[in-house]
Amino acid sequence: MSELDIDRIISYGEKFADEIEVFMLDYTDISLEQREMAVSSVFEHAGSSIYLRVVKDNRIGISGTSDAARWKDCVDVALSSAKLSEPVPGWTGFPAKAALPDGRDPFDPDITVTPDLAAEYLERMNAGAAKHPEARVVTGGVSLSTGTAVIANSNDVHYTRQISGISLGMDAICENSTGYDYDSSPFLDRVDPEKIGEETTFWATASRNGANVETKKYDVVFSEHVVASLILDLFTEAVNGKNVLSGKSVFVGKLGEDVLHPSVSISDVPMDPAGSAWKRFDSEGTVTSDLSIVQNGVLSAFMYDVKTASQAKTTSTGHAHRAGNGATYIHPHCLRIAAPVSDVMDKPCLFVREVIGAHTANSLTGEFSVEVANAFFAESGKFVSPVKKAMISGNVFDILRSGVHISAETKTFDGSVVPKMRIDSMQVIG
Amino acid sequence: METIRYYDIRYVRGTVTSIQTENRVIENAGSSFYGKALFRVLGENGWGYYCASSIDMDDKKLKDACIQKAAASARLAGVHADIADVPLGSPRSWVCSAKEQAETPLEEKAAQLLLLEGSAKIPEICSTSARYSEQYQDVIFEDCNGYSSSSSVCRTLFTISAVANRGADMQMNYEQEAVVGPLSLKEYLPYGEKCAKRAVELLDASAVSGGRMPAVLDPAIGGVFAHEAVGHASEGDAVRDGVSVLAGKLGERVGSSLVTIIDDPSMHGYGYEPFDAEGVACGPTELIKNGIMHKYMHSRETLAAVGLDTGDAGHARAEPGMQPLVRMSNTYIKEGDASYDEIIAECRKGVLLIGSRGGQVDPGRGAFQFNAKYGYLIENGETAKMIRDVSLSGDILSVLHNIALCGKERKMSSGMCGKGQSVPVSDGAPHVYLTEALVGGGGNV
């Protein structure tokens, strides 16, 4: 859809609504999947999605479609749904046009949506995987995408973001031991396909012949994967302004209070050079900026979009993302955690590379009880023996309150740049 | 011209309407529209796919162009694949009209949802929310052999959640119902109070200390066990790729003789499909029969690859515009003959796990984990103190042998299953007694 059409949608909506907003995504992608060390399928996709919001008498209506031709239906449905919604107290309106900060879009012109480029990265993953030949690569895949995201509203906001992406994944098996690795980035030179392949077959190979574990407390080191999927995911829920407003956060009413250990700080840095999703504006057009969420253990801010900020009588922190139904949801752009940095693997520990069931943790209270995968007893930074089977239990907020050490090296995920984390005395059930 | 051994087109279009309420205020309500067509071509050496956002199925020229794009992709593949000849069609199609529901004004549904949520406002409840969603989806399928079929299915669900607060302690509970066909919120008004009462009870529950112990699974978490521990490991792609501990076990004993586990896409549960994503007729597949590994679930490709006598096709499912994968639908453990009281008494000392907060499996390792909403200690053959934040993990091949009793009454629960794509499923079981299980928890009781 051309930009002229977006103006047409806004002009049409303005006849009936006080405000209208259009978020449009155009994309092209290709995926190569591998089995038996050869490409088994090739998937190409091109399309666009439109997400709409209208405001009438401070009531917000939403709609969305993957069929651009139905934009008029969407506007009409959004107008109808606005009548049903309650007025948003203190609604301040969609963002107005503002000067955007300097910075690049997460776009790499060298990413072309072509099978040749995808095949090249697949081959490089395979070359890395061959370094541990006892493991058998089961599947692998490479996806490439490019596109544009446009946010426009009746307050003269009209921002365009160019986006690109490469994602790679591989899994392998060695006897009854499995391993996998993945990575994604907007930039080709930030992924290392050989390393992904090597790590995949390493984890499968090294995790064989695991030993049983005695049930007791151990000092545990979480990999970057586990810190991201368990620690930061639950923390993110607790500082989501929507959850705070509705009473679904353990941090309700605790702004300015000590909530974590004084040595722990957590912030969101949308344009962090190490991040993977640079955002100068969020998906409703609010200009983004760094946000200190916990500073030296003290809770200093929650994340908001425009609607929740209006309800909380504050301003948006620029954390709106877009859901499929047209509504916004709140999520960080690039979380960074600061805590005492040390060689977390130097002292004896149980290293946990992955957990099974991170999503089953209690998102309100932070309690978790999950199965470990690719776990090892380690000494002086070396893996001594793999663990056959164990569960770990604890509470994410208690962990962050008790004080942790983190590694200097980090791994970048979509929404965070994450170190390893050492936790003293964690319950392990063997 | 590209070599085309087979092609099919699966066009999925629909509308999703949802209402979300929060603390007795309508947060948002609205509809979204989607339409995606997947063109799938089997070339000399593998598959090519092309997904178009929306198309006119009567536009032959456009369809031909899309097929050629998929064929060009297929030319790049290098792994030969065959597809088995299996019956197509929908021999047991279920007419699940939701005309009346569709005609009910959104305002009326919103008012009922607010009533349902309002009934959760009891003392010590600090927050409530509810969501209602109805999806009307049409599937049009046709293949290169002239076969075509279509279906219209409505799926409806609601969820209610409540947060209880006492001093610094907070606990949350949620309830959900999801069905194929219409769902009248009026009939579920008591769910609000039921949900809230459980959240308040959780404030007094204790966190369990983990360890190996006997366990009783209620139908909800027993269903997750069937899905996670057995279902995923019985999917034909995992078997073909050698990443399932159940691969190569057909005809072998893998569990207690009490264990029969079935997946049935034709069953009128949330995972119902009139025909699968390859146009194949759906029916029940007994995965484990009386403790013996009996059949795997297959797509046409995995059936051809693993062996025509190794299971049933008709288990391919896909999100709109995505490639078909071997997936579960409605999965359950068959009923036994024990009463609930007999099961609790037989357990004597252990835990009763109730409700599911989800689970995950690594079928290659044979390791699974799932989390219960809550549970009770079992002491002297009777339920005792309430417990929370309790999970269970295990090895598939060990735990199936530990099933010592299955109850007489089975219940199904609905949800979504993720395997790269998210599809609606249901799973269920009777109460199941495990003589030993690895129970996880960070508490002291």
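User: How many helices and strands does the secondary structure of chain B come to?
Analyst: Happy to start there! This is a predicted model, in which local features need pLDDT of at least 70, side-chain atom pairs count only at pLDDT 80 or more, and totals for chains, interfaces and linings use all residues. Residues are numbered from 1 along each chain as its sequence is written, while chains are lettered from A and ligands numbered from 1 in the order in which they are written. With helices (H or I, at least four residues) and strands (E, at least two) taken as DSSP runs numbered from the N terminus, chain B comes to nine helices and 24 strands.

User: Why does chain B count as being as compact as a globular protein of its length?
Analyst: The radius of gyration is taken over C-alpha atoms, and the globule rule is 2.2 Å times the number of residues to the power 0.38. For the 445 residues of chain B the rule gives 22 Å, so chain B is as compact as a globular protein of that length, its radius of gyration being close to that at 23 Å.

User: What share of the residues in chain B is buried?
Analyst: A residue is buried if 20 or more other C-beta atoms lie within 10 Å of its own, exposed if 12 or fewer, and partly exposed in between, with C-beta atoms placed from the backbone. Among the 445 residues of chain B, the buried share is 58%.

User: Which strand gives the most to the side of chain A that touches chain B?
Analyst: Two residues are in contact if their C-beta atoms, placed from the backbone, lie within 7 Å. By that test, 63 residues of chain A are in contact with 68 residues of chain B. Elements that each supply at least two residues of this side of chain A include helix H2 (71-84) and strand S20 (416-429). The one giving the most, with 10 residues, is S2(A).

User: At what angle do helices H3 and H4 of chain A pack?
Analyst: Axes are lines fitted to C-alpha atoms, for helices over the stretch in contact, and angles run from 0 to 180 degrees between N-to-C directions. H3 (residues 115-129) and H4 (residues 193-206) of chain A have their axes 6 Å apart, and the angle is about 40°.

User: Which word describes how H3(A) lies to H4(A)?
Analyst: Angles under 35 degrees count as roughly parallel, over 145 as roughly antiparallel, 65 to 115 as roughly perpendicular and the rest as oblique. With an angle of about 40°, H3(A) is to H4(A) oblique.
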